Amino acid sequence: MPKLMMGSLLISLIWLVVMMAISATAQTPILDTTGQPLRRGVEYYIKPAVNNSSGGPFTLIDRNGSCPWYVGQENLTSDRGIPVTFSPFVQAENVVMLSKSFEVEFASGGATNCTQWTRKWKVSTETDPVTESRLVVTGGNGTVSNYFHVYQGPEVLNNGSYGLRWCPAEVCPYCRVNCGFVDVLVESGKRLLALKDDSAFPVVFERA
């Protein structure tokens with residue numbers, strides 16, 4: 001067999017393997033703490049994977065007495081937090097899949113005076129001057145900044161935990177954005193969600 005043909009065949013095989021791996025990842029459902037897939041519109045609490053000093057469930061945070069409110073954690077593991085719902089980017093998908101984009105929105109609970117703002121999560125477009133980080137806030141509707149995905153990497157614990165990441169390549173393949181992992185940043189006793197370059201905060205999903 002000519003070398004050129006063998007080379008083309010090898011490249012084709014490598015490409016097929018890569019595409020199969022991507023497809024397998026895209027078909028991996030995210031599981032809640034009972035082992036059931038996360039579903040569109042169902043309410044879940046997002047909680048730390050380790051029950052220690054890493055704070056409590058995710059909630060709305062009044063950071064500075066003005067709108068919008070921020071996404072963060074309860075300080076105590078005993079606090080209940082506010083449940084969220086997930087809306088996959090692909091309208092036909094009703095199960096949240098690994099590495100597939102979705103919107104996150106706080107459900108009812110946690111009264112705020114920000115009636116003009118949605119409860120959807122959103123990554124700040126600018127770096128916060130105080131924390132020097134891009135924080136996760138509420139607001140917006142269906143923009144690139146609103147889409148997150150679930151991530152599993154070496155820094156996420158091997159106990160059924162996951163990490164969250166903002167990198168909307170599925171939503172906007174040609175956008176040039178500075179992606180980041182969702183981690184926790186403590187500011188004046190308040191635990192805020194912020195983007196980090198190298199690791200994600202390990203979480204689990206508990207049905208409300």
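This report describes the nonpolar cores, aromatic contacts, strand pairing and disulfides of a predicted model.

## Nonpolar cores

The largest nonpolar core has 33 residues. Within this core, the members that touch the most others are Ile 46, Phe 86, Trp 121, Phe 148, Leu 164 and Phe 205. Strand β5, which spans residues 102-106, supplies the largest share of the core, namely three residues. Another core lies apart from this one and consists of seven residues, including Ile 61, Tyr 70, Leu 135 and Val 137.

When neighbours within four places in sequence are left aside, Ile 46 is in contact with Pro 57, Phe 58, Val 84, Phe 86, Trp 121, Leu 164, Val 203, Val 204 and Phe 205.

## Phe 102 in strand β5

Phe 102 is located in strand β5. Its relative accessibility is 1%, and the residue therefore counts as buried, the cut-off being under 20% relative accessible area. Beyond its neighbours within four places in sequence, Phe 102 is in contact with Phe 86, Ser 87, Pro 88, Phe 89 and Val 96, with the run of Asn 146, Tyr 147, Phe 148, His 149 and Val 150, and with Leu 164.

A separation along the chain can also be compared with a separation in space. Phe 102 and Pro 168 stand 66 residues apart in sequence, while their C-alpha atoms are 9.2 Å apart.

## Aromatic pairs and charges over rings

The structure holds 10 aromatic pairs. In one of them, Trp 121 and Phe 148 have ring centres 5.8 Å apart and planes at 85°, so the arrangement is edge-to-face. Trp 121 belongs to strand β6 (residues 121-123) and Phe 148 to strand β8 (residues 147-151), so this pair ties together parts of the chain that are 27 residues apart in sequence. Both Trp 121 and Phe 148 are buried. Elsewhere, one aromatic cluster is formed by Tyr 44, Phe 86, Phe 102, Tyr 162 and Phe 205.

Arginine side chains are also placed over aromatic rings. Arg 63 lies over the face of Tyr 70, at 5.1 Å from the ring centre. The charged end of Arg 165 sits over the ring of Phe 181, 4.9 Å from its centre.

## Strand β11 and its partners

Strand β11 covers residues 190-196, and five of its seven residues are buried. Strand β10 (residues 180-187) is joined to β11 by seven bridges, and these two strands run antiparallel. Within this pairing, Val 182 stands opposite Leu 195 of β11. The hairpin of β10 and β11 has two residues between the strands, and Ser 188 takes a positive phi near 50° there.

Strand β3 (residues 70-73) also runs antiparallel to β11, with two bridges joining them. Here Gly 72 has Leu 192 of β11 as its bridge partner.

## Disulfides

A search of the whole structure finds three disulfides. With bonded cysteines counted along the chain, their pattern is 1-2, 3-6, 4-5. Cys 67 and Cys 114 form one of these, with sulfur atoms 2.1 Å apart. The torsion about their S-S bond is about -100°, so this disulfide is left-handed. Cys 67 lies in the loop between β2 (58-61) and β3, and Cys 114 in the loop between β5 and β6, so the bond ties together parts 47 residues apart in sequence. Cys 67 is partly exposed, with a relative accessible area of 27%, whereas Cys 114 is buried at 6%.

Cys 167 and Cys 179 form another disulfide, their sulfur atoms being 2.0 Å apart. The torsion of about 55° makes this disulfide right-handed. Both cysteines lie in the loop between β9 (163-166) and β10, so the bond ties together parts 12 residues apart in sequence. Cys 167 and Cys 179 are both buried. A further disulfide joins Cys 172 to Cys 175, with an S to S distance of 1.8 Å. Its torsion is about 75°, so the Cys 172 and Cys 175 disulfide is right-handed. Cys 175 is partly exposed, with a relative accessible area of 33%.

Methods
Residues numbered from 1 in each chain as written. Predicted model: local features only at pLDDT ≥ 70, side-chain atom pairs only at ≥ 80, totals over all residues. Heavy atoms only, no water. Core = buried A, V, L, I, M, F, W, Y, C linked by side-chain atoms within 4.5 Å. Buried < 20%, exposed > 50% of the residue type's maximum accessible area, 1.4 Å probe, protein only. Helix = DSSP H or I, 4+ residues; strand = E, 2+ residues; numbered from the N terminus. Contact = heavy atoms within 4.5 Å. Pairing = 2+ DSSP bridges. Phe/Tyr/Trp six-rings, centres within 6.5 Å; stacked < 30°, edge-to-face > 60°. Lys NZ or Arg CZ within 6 Å of the ring centre and 35° of its normal. Disulfide = S-S within 2.5 Å.
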